[in-house]
Amino acid sequence: MASSDVEGDKYRSYLYGEGEKNTKWRFGAPPNYDVVNKFFEEGRTNIWPPGSLEEKVQNLVKTWEMEMFHKTCFEDYKTVDPNKYTFSLNGRKAVTLEEKRKLGGGYNTFMQTSLPEEYRCYNPAIETVDSSHVAFTTAFPRGFALEVLKVYSGPPVIVYKFRHWGYKEGPFKGHAPTGELVELFGIAVFQLDEQMKIVKVEFFLDRGELLGGLMRGDNMKEEALSCPVLGRTG
(Lines give C-alpha, C1' and ligand atoms only; values in the text may rest on other atoms or scores of the structure.)
Protein backbone atom coordinates (compact mmCIF):
# COMPACT_ATOMS: atom_id res chain seq x y z
CA MET A 1 0.00 0.00 0.00
CA ALA A 2 1.03 3.60 -0.52
CA SER A 3 3.28 5.21 2.06
CA SER A 4 3.50 8.93 2.70
CA ASP A 5 6.19 11.00 0.99
CA VAL A 6 9.27 12.05 2.93
CA GLU A 7 8.74 15.53 1.54
CA GLY A 8 5.45 17.07 0.60
CA ASP A 9 2.15 15.70 1.84
CA LYS A 10 2.26 13.47 4.93
CA TYR A 11 -0.95 11.62 4.08
CA ARG A 12 -0.57 11.11 0.32
CA SER A 13 2.09 9.48 -1.83
CA TYR A 14 2.88 10.04 -5.52
CA LEU A 15 2.61 13.83 -5.45
CA TYR A 16 6.26 14.80 -5.72
CA GLY A 17 9.64 13.35 -6.55
CA GLU A 18 11.36 11.82 -9.55
CA GLY A 19 8.47 9.46 -10.25
CA GLU A 20 6.10 12.37 -10.83
CA LYS A 21 8.32 14.60 -12.98
CA ASN A 22 6.28 13.79 -16.13
CA THR A 23 2.87 13.51 -14.46
CA LYS A 24 0.10 15.48 -16.16
CA TRP A 25 -1.91 17.38 -13.54
CA ARG A 26 -5.47 18.60 -14.11
CA PHE A 27 -4.59 22.11 -12.96
CA GLY A 28 -1.02 22.18 -14.21
CA ALA A 29 0.73 21.33 -10.94
CA PRO A 30 0.38 18.97 -7.96
CA PRO A 31 -2.49 19.96 -5.64
CA ASN A 32 -1.67 21.52 -2.27
CA TYR A 33 -3.50 19.88 0.63
CA ASP A 34 -2.21 22.10 3.46
CA VAL A 35 -5.62 23.67 4.18
CA VAL A 36 -7.64 20.45 4.11
CA ASN A 37 -4.95 18.59 6.08
CA LYS A 38 -5.25 21.16 8.88
CA PHE A 39 -9.03 20.88 8.67
CA PHE A 40 -8.77 17.08 8.81
CA GLU A 41 -6.51 17.15 11.88
CA GLU A 42 -8.89 19.50 13.70
CA GLY A 43 -12.02 17.47 12.93
CA ARG A 44 -11.05 13.81 12.83
CA THR A 45 -12.46 11.45 15.44
CA ASN A 46 -9.48 9.06 15.52
CA ILE A 47 -5.70 9.45 15.44
CA TRP A 48 -4.43 6.13 14.16
CA PRO A 49 -1.05 4.87 15.47
CA PRO A 50 1.83 5.20 12.97
CA GLY A 51 2.21 2.01 10.97
CA SER A 52 -1.20 0.65 11.95
CA LEU A 53 -3.46 -0.97 9.39
CA GLU A 54 -5.95 1.87 9.84
CA GLU A 55 -3.33 4.52 9.08
CA LYS A 56 -2.11 2.62 6.02
CA VAL A 57 -5.64 2.22 4.65
CA GLN A 58 -6.46 5.87 5.32
CA ASN A 59 -3.34 7.03 3.49
CA LEU A 60 -4.03 4.66 0.61
CA VAL A 61 -7.57 6.00 0.24
CA LYS A 62 -6.39 9.61 0.37
CA THR A 63 -3.71 8.88 -2.24
CA TRP A 64 -6.16 7.02 -4.50
CA GLU A 65 -8.63 9.89 -4.23
CA MET A 66 -5.92 12.42 -5.09
CA GLU A 67 -4.92 10.50 -8.21
CA MET A 68 -8.52 10.05 -9.37
CA PHE A 69 -9.26 13.77 -9.03
CA HIS A 70 -5.99 15.37 -10.12
CA LYS A 71 -4.08 13.13 -12.55
CA THR A 72 -5.40 13.29 -16.10
CA CYS A 73 -3.54 10.34 -17.64
CA PHE A 74 -4.30 6.81 -16.53
CA GLU A 75 -0.64 5.87 -17.06
CA ASP A 76 0.32 8.25 -14.23
CA TYR A 77 -1.76 6.39 -11.63
CA LYS A 78 0.40 4.56 -9.09
CA THR A 79 -2.26 3.21 -6.74
CA VAL A 80 -4.26 1.28 -9.36
CA ASP A 81 -3.72 -1.02 -12.31
CA PRO A 82 -5.35 1.03 -15.10
CA ASN A 83 -5.90 -2.06 -17.27
CA LYS A 84 -7.84 -4.00 -14.64
CA TYR A 85 -9.41 -1.29 -12.50
CA THR A 86 -13.20 -1.09 -12.11
CA PHE A 87 -15.45 1.11 -9.98
CA SER A 88 -19.04 0.59 -8.83
CA LEU A 89 -21.45 2.58 -6.67
CA ASN A 90 -24.26 1.04 -4.61
CA GLY A 91 -24.24 -2.22 -6.54
CA ARG A 92 -24.43 -0.66 -9.99
CA LYS A 93 -22.64 -2.21 -12.94
CA ALA A 94 -18.88 -1.82 -12.55
CA VAL A 95 -17.22 0.65 -14.92
CA THR A 96 -13.68 0.94 -16.25
CA LEU A 97 -11.53 4.06 -15.96
CA GLU A 98 -12.58 5.17 -19.44
CA GLU A 99 -16.26 4.59 -18.68
CA LYS A 100 -15.82 6.44 -15.38
CA ARG A 101 -14.36 9.38 -17.27
CA LYS A 102 -17.43 9.44 -19.53
CA LEU A 103 -19.61 9.72 -16.42
CA GLY A 104 -17.81 12.97 -15.63
CA GLY A 105 -15.30 11.57 -13.14
CA GLY A 106 -14.62 13.30 -9.84
CA TYR A 107 -17.68 14.01 -7.73
CA ASN A 108 -20.03 12.90 -10.52
CA THR A 109 -18.90 9.32 -10.00
CA PHE A 110 -20.33 9.39 -6.47
CA MET A 111 -23.50 11.26 -7.43
CA GLN A 112 -24.87 8.63 -9.84
CA THR A 113 -28.62 8.17 -9.55
CA SER A 114 -31.53 6.52 -11.34
CA LEU A 115 -33.96 9.26 -10.34
CA PRO A 116 -35.87 10.93 -13.19
CA GLU A 117 -34.02 14.08 -14.27
CA GLU A 118 -36.79 16.41 -13.07
CA TYR A 119 -36.20 15.19 -9.49
CA ARG A 120 -32.43 15.52 -9.50
CA CYS A 121 -31.34 18.32 -7.19
CA TYR A 122 -27.82 17.71 -8.50
CA ASN A 123 -27.76 16.17 -11.96
CA PRO A 124 -24.52 14.31 -12.82
CA ALA A 125 -25.79 13.83 -16.39
CA ILE A 126 -25.23 17.51 -17.19
CA GLU A 127 -22.23 18.23 -14.94
CA THR A 128 -18.64 17.95 -16.20
CA VAL A 129 -15.57 17.09 -14.18
CA ASP A 130 -14.75 20.81 -14.04
CA SER A 131 -18.23 22.09 -13.18
CA SER A 132 -18.66 19.51 -10.43
CA HIS A 133 -15.24 20.37 -9.02
CA VAL A 134 -16.15 24.07 -8.90
CA ALA A 135 -19.54 23.36 -7.30
CA PHE A 136 -18.18 21.29 -4.42
CA THR A 137 -14.96 23.20 -3.77
CA THR A 138 -16.95 26.44 -3.70
CA ALA A 139 -19.38 24.99 -1.17
CA PHE A 140 -16.51 23.61 0.96
CA PRO A 141 -13.71 26.22 0.74
CA ARG A 142 -11.69 24.50 3.49
CA GLY A 143 -12.16 21.14 1.84
CA PHE A 144 -14.24 17.99 2.23
CA ALA A 145 -12.09 15.99 4.61
CA LEU A 146 -11.89 12.20 4.73
CA GLU A 147 -11.17 9.84 7.58
CA VAL A 148 -11.31 6.08 7.91
CA LEU A 149 -13.47 5.17 10.91
CA LYS A 150 -12.99 1.41 10.96
CA VAL A 151 -11.13 -1.22 8.95
CA TYR A 152 -12.95 -4.55 8.83
CA SER A 153 -10.35 -6.43 6.78
CA GLY A 154 -6.89 -5.82 5.40
CA PRO A 155 -5.39 -6.54 1.98
CA PRO A 156 -5.91 -8.09 -0.47
CA VAL A 157 -9.59 -7.19 0.12
CA ILE A 158 -9.85 -4.05 2.23
CA VAL A 159 -13.26 -3.25 3.71
CA TYR A 160 -13.59 -0.01 5.63
CA LYS A 161 -16.07 2.53 6.96
CA PHE A 162 -15.42 6.17 6.12
CA ARG A 163 -16.57 9.66 7.00
CA HIS A 164 -16.40 12.73 4.73
CA TRP A 165 -17.18 16.11 6.27
CA GLY A 166 -17.04 19.81 5.57
CA TYR A 167 -18.70 23.10 6.50
CA LYS A 168 -20.93 24.69 3.91
CA GLU A 169 -19.20 28.06 3.96
CA GLY A 170 -19.85 28.77 0.27
CA PRO A 171 -22.91 28.62 -2.02
CA PHE A 172 -24.08 25.47 -3.77
CA LYS A 173 -26.43 25.46 -6.74
CA GLY A 174 -28.11 28.74 -5.80
CA HIS A 175 -28.31 27.94 -2.09
CA ALA A 176 -26.53 30.39 0.18
CA PRO A 177 -23.82 29.38 2.66
CA THR A 178 -25.08 28.16 6.03
CA GLY A 179 -21.82 27.44 7.84
CA GLU A 180 -23.33 24.13 8.91
CA LEU A 181 -21.50 20.83 9.18
CA VAL A 182 -22.27 18.46 6.29
CA GLU A 183 -21.28 14.80 6.71
CA LEU A 184 -21.34 11.70 4.53
CA PHE A 185 -20.79 8.17 5.86
CA GLY A 186 -20.33 5.00 3.88
CA ILE A 187 -18.64 1.65 3.36
CA ALA A 188 -16.05 0.84 0.69
CA VAL A 189 -14.31 -2.27 -0.58
CA PHE A 190 -10.88 -2.10 -2.26
CA GLN A 191 -9.49 -5.22 -3.90
CA LEU A 192 -5.70 -5.30 -4.42
CA ASP A 193 -3.62 -7.57 -6.65
CA GLU A 194 -0.28 -9.26 -5.96
CA GLN A 195 1.55 -5.98 -6.66
CA MET A 196 -0.69 -4.19 -4.12
CA LYS A 197 -2.37 -2.23 -6.91
CA ILE A 198 -6.09 -1.52 -6.63
CA VAL A 199 -8.04 -3.46 -9.26
CA LYS A 200 -11.60 -3.14 -7.96
CA VAL A 201 -13.42 -0.48 -5.93
CA GLU A 202 -16.97 -0.64 -4.57
CA PHE A 203 -18.66 2.21 -2.66
CA PHE A 204 -21.91 2.09 -0.72
CA LEU A 205 -23.30 5.46 0.36
CA ASP A 206 -26.41 7.66 0.37
CA ARG A 207 -25.85 10.66 -1.88
CA GLY A 208 -28.93 12.30 -0.34
CA GLU A 209 -27.07 12.50 2.97
CA LEU A 210 -24.60 14.87 1.30
CA LEU A 211 -27.03 16.75 -0.92
CA GLY A 212 -29.51 17.25 1.92
CA GLY A 213 -26.97 19.42 3.74
CA LEU A 214 -25.82 21.24 0.63
CA MET A 215 -29.30 22.19 -0.53
CA ARG A 216 -30.08 24.05 2.69
CA GLY A 217 -29.66 27.82 2.74
CA ASP A 218 -31.36 31.09 1.88
CA ASN A 219 -32.39 32.19 -1.59
CA MET A 220 -33.65 28.72 -2.45
CA LYS A 221 -34.85 28.43 -6.00
CA GLU A 222 -38.37 27.20 -6.61
CA GLU A 223 -37.20 24.16 -8.49
CA ALA A 224 -34.91 23.14 -5.64
CA LEU A 225 -37.79 23.42 -3.18
CA SER A 226 -39.78 20.97 -5.27
CA CYS A 227 -37.24 18.20 -4.81
CA PRO A 228 -39.00 15.53 -2.65
CA VAL A 229 -36.25 12.93 -2.57
CA LEU A 230 -33.23 14.52 -0.91
CA GLY A 231 -32.95 11.68 1.57
CA ARG A 232 -32.91 8.86 -0.97
CA THR A 233 -30.56 7.46 -3.55
CA GLY A 234 -31.20 5.97 -6.94
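Let's start with Phe140: at 3% relative accessibility it counts as buried, because buried means under 20% relative accessible area, with exposed over 50% and partly exposed in between (1.4 Å probe, protein chains only). Phe144 is buried too, at 12%.

A word on the source. This is a predicted model, where local features need pLDDT of at least 70 and side-chain atom pairs count only at pLDDT 80 or more, while totals for chains, interfaces and linings use all residues. Residues are numbered from 1 along each chain as its sequence is written, and side-chain values use heavy atoms, with hydrogens and water left out.

Now the rings. Rings of Phe, Tyr and Trp (its six-membered ring) pair if their centres lie within 6.5 Å; planes under 30 degrees apart are stacked, over 60 edge-to-face, the rest tilted. That rule gives 20 aromatic pairs. One of them is Phe140 with Phe144: stacked, 4.7 Å centre to centre, 5° between the planes.

Next, Phe162 and Phe203. Their centres are 5.6 Å apart and their planes stand at 65°, so this pair is edge-to-face. What does the pair tie together? Phe162 lies in strand 3 (residues 157–167) and Phe203 in strand 5 (residues 198–205), so the pair links parts 41 residues apart in sequence. Strands here are DSSP runs (E, at least two residues), numbered from the N terminus. Both Phe162 and Phe203 are buried. Both also belong to one aromatic cluster, with Trp64, Phe87, Phe110, Tyr160 and Phe190.

Last, charges over rings. The cut-off: NZ of Lys or CZ of Arg within 6 Å of the ring centre and within 35 degrees of the ring normal. Lys62 has its charged end over the ring of Phe40, 3.9 Å from the centre. Arg163 lies over the face of Trp165, at 3.9 Å from the ring centre.

Technical notes. Helix = DSSP H or I, 4+ residues; strand = E, 2+ residues; numbered from the N terminus.
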